[in-house]
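Hello,

Here is the structure I promised to pass on. Please open it before reading the notes below.

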Amino acid sequence: MRRALLKKFALVLLAALFLNSLIFYGASSRSILNSTREDMLYILESADSFWSTAAI
């Protein structure tokens with residue numbers, strides 16, 4: 001009885017950790033993607049601004 005209860009507890013705990021990991025991965029990857037996209041746009045705008053003023 002005790003061993004079966006411990007086994008079920010371990011399975012529930014592993015399932016909860018797995019689900020939490022999936023949620024964290026989804027949220028953090030979305031945040032990193034948005035940040036990277038904004039950084040790339042900033043770099044392109046800066047380079048465009050630099051080249052347009054350097055050509056004058």
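Below is what I found in it, from the whole chain down to single residues.

Overall shape first. This is a predicted model. The protein chain has one helix and zero strands. That helix, H1, covers residues 2–54. The C-alpha trace spans about 85 × 10 × 5 Å along its principal axes. The radius of gyration is 24 Å, whereas a compact globule of 56 residues would have one near 10 Å. A pair of residues gives a sense of scale: Phe9 and Thr36 sit 27 residues apart along the chain, and their C-alpha atoms are separated by 40 Å.

Next, the surface. How much of the protein chain is buried? Buried residues account for 0% of the 56.

One nonpolar patch on the surface deserves a look. Its members are Leu6, Phe9, Leu11, Leu13, Leu14 and Leu17. Together they have about 650 Å² of accessible area.

Phe9 lies in helix H1. Why does Phe9 count as exposed? Its relative accessibility is 54%, and exposed means over 50%. Leu11 is also found in helix H1. Leu11 counts as exposed because its relative accessibility is 54%.

Last, the charges. The protein chain carries 6 positive and 4 negative side chains. The centres of these two sets lie 42 Å apart.

Best wishes

Terms used:
Residues numbered from 1 in each chain as written. Predicted model: local features only at pLDDT ≥ 70, side-chain atom pairs only at ≥ 80, totals over all residues. Heavy atoms only, no water. Helix = DSSP H or I, 4+ residues; strand = E, 2+ residues; numbered from the N terminus. Rg over C-alpha atoms; globule rule 2.2 N^0.38 Å. Buried < 20%, exposed > 50% of the residue type's maximum accessible area, 1.4 Å probe, protein only. Lys, Arg positive; Asp, Glu negative; His and termini not counted. Charge placed at Lys NZ, Arg CZ, Asp CG, Glu CD. Patch = residues over 30% accessible without salt bridge, like charges linked within 9 Å, V, L, I, M, F, W, Y side chains within 5 Å. Areas by Shrake-Rupley, 256 points an atom, 1.4 Å probe, with all protein chains shown as cover. Salt bridge = Lys/Arg side-chain N within 4 Å of Asp/Glu carboxyl O.
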